[in-house]
Every structure is written in structure tokens, then in C-alpha cells.
Amino acid sequence: MSHISNLEIQFGCYFAVFNNKKATTFVLEEFRKNFPKNPILLISDGGEDFSDLAHKYSCEYVYLENIFGDGSSERPHLPYDAERTKKWWERQKMVCDRFGLPYNLILEDDVWVRSSFKIQNDFDLRGSRVGNWFQPAIRGEILDKTGKDVPKYNMSGGSMYSTSAFLNIYDDVIEDIERNHDDLLTKGYNPQLGAVDANITYHFVKRGYKVEVNPYLTDVCEHKDHSKYSIIHQWKNNY
């Protein structure tokens, strides 16, 4: 058992939002019932003003330029180009730098934190049991670089990552994105490398970090009975 189990506050939260205040209110209200002290960085991605909810639920709040896109051919939701991908990594780093906690939890407006949990052991990445298959080009590169076959990426909402691991690779990842990302999107990596859940998995595991299942997390599509899990992803009841 790691020293992590002795910490009162083990993780901070990244929560990017746009315009669904009903769902955002539910996520924050339920989270605060179970984790009243854990810090949250609430980011409006060029959408509505969420400062009222940030104040009500004790979040740090920033309003930033939209990176999610509008679905047009000029700014599609996916894939993210190098510039938007870099900005996503920069926003994750804001959480690491501001809170300085061992782990970060990725909240989304379809993530229901329905009960508390305590991290018992250290890890690098923990994501969904479901996941999606990496494209052969990405899977092959990871195998070539690490000698390990990582068939899936799984860093959806409700996933967690080590802040020390993130900071260890951050500068190298940013350089990698600037040098290679847009070119790779034309070489069998598209659109997965431009999706942030695949992108963070790819950059962690090709640098030797391990991705595993988050034992506290389930997806709505995975189980009819979610009672034994603390985090439910794909909770669309407030859409």
C-alpha cells in the first residue's frame, strides 16, 4: 500500500464545460456531496459564463478560447490539430500546477460521482473498462517503442492520471505535438490522435507509462447495475 492512502485530499479535478448548465450543476452538486474539499478547475471553453456555478460549488474558474470547435469544416469537433491538442495539454497542466496533488480526475458533464472512494495504490493512468481499439499505426508505434502491445485507449470522462508522470513528460509531449502531430494525422493516425482520450493514452504509454482500469469507474453501456461503482460515465439524464 502506498503513502497515497494516507492523504486526506488525493486528487484535483479538470472540468471543461460549454453550455449545458443543467448537467454541469448535477455533476458539481453530486461531486461536492462526496468530495467537499477536493479542488476543481472549471473551464468555460468559450461558451456560457459558469462563474455562478464555480462560486456556488467552490471551484476555481477560468474562461478560455474555444478549442472544441463548432462542427464546421474549418473547426470540426474532431480531430484536434496540433494547436488545439497543445492547448488541451496546457489546460491539464494548469490543474497540475494550481493544485499540486498526486492525481487529477477528468470530469465531464456526463460523469456522475455518486460515492466517495479512497486511492490505495499509485498508478500512472486509470481509465474505462470499455475503451476503444487503437488504429494499427498507433498500436504498432507503441509496440515498436516499448515492446508492449497496448490495444486500446480508455481515458474517457471519469479517468485519472498521475500529475508527476504528466509533468515528467509534458515538455517532451508538447515538442512531439509541434513536430509530428499534424503530419501523423495524414498517416493512418486520423482521427484518433486528434481525440484527447486517445492522445493522452498514446503519449503516456509510448513513454513507458502504464494504463490500467480505474476500479471506481464504469460506463452506462457496461452495466445495468452501477451500485458498486463510485463514478459513472455516459450519464446522459441531464442532456
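Which residue lies over the face of tyrosine 170? I looked this up and found lysine 93, at 5.4 Å from the ring centre. I counted a charge as over a ring if NZ of Lys or CZ of Arg is within 6 Å of the ring centre and within 35 degrees of the ring normal. I also found the charged end of lysine 152 over the ring of tryptophan 133, 4.8 Å from its centre.

Notes on the source: this is a predicted model, in which local features need pLDDT of at least 70 and side-chain atom pairs count only at pLDDT 80 or more, while totals for chains, interfaces and linings use all residues. Residues are numbered from 1 along each chain as its sequence is written, and side-chain values use heavy atoms, with hydrogens and water left out.

Aromatic rings. I searched the whole structure and got 19 aromatic pairs (rings of Phe, Tyr and Trp, the last by its six-membered ring, with centres within 6.5 Å). Tyr170 belongs to one aromatic cluster with Tyr14, Trp88, Trp89, Tyr161, Phe166, Phe204 and Tyr209.

Helices. I checked α3 (residues 82-99) against α5 (residues 163-184): their axes come within 10 Å and cross at roughly 165°. Helices here are DSSP runs of H or I of at least four residues, strands are runs of E of at least two, and both are numbered from the N terminus. Axes are lines fitted to C-alpha atoms, for helices over the stretch in contact, with angles from 0 to 180 degrees between N-to-C directions. α3 and α5 are therefore roughly antiparallel (an angle over 145 degrees). I noted their crossing as left-handed (the near helix is turned anticlockwise from the far one by less than a right angle).

Seven-strand sheet. I read the order of this open, mixed sheet as β3-β2-β1-β4-β9-β6-β10; two strands pair if DSSP finds at least two bridges between them. β3 and β10 (211-213) are the edge strands, each pairing on one side only. The twist averages 20° from one strand to the next. Within the sheet, β1 (residues 11-17) runs parallel to β4 (residues 103-107) over 5 bridges, and phenylalanine 15 stands opposite leucine 107. I looked next at β2 (residues 40-45) and β3 (residues 60-64), which are parallel with 5 bridges; leucine 42 has tyrosine 61 as its bridge partner.

Three-strand sheet. I found a second open sheet, also mixed, in the order β5-β12-β11. β5 (111-113) and β11 (217-219) each have a single partner strand, so one side of each is left without a neighbour in the sheet.

Terms used: Rings of Phe, Tyr and Trp (its six-membered ring) pair if their centres lie within 6.5 Å; planes under 30 degrees apart count as stacked, over 60 as edge-to-face and the rest as tilted. Angles under 35 degrees count as roughly parallel, over 145 as roughly antiparallel, 65 to 115 as roughly perpendicular and the rest as oblique.
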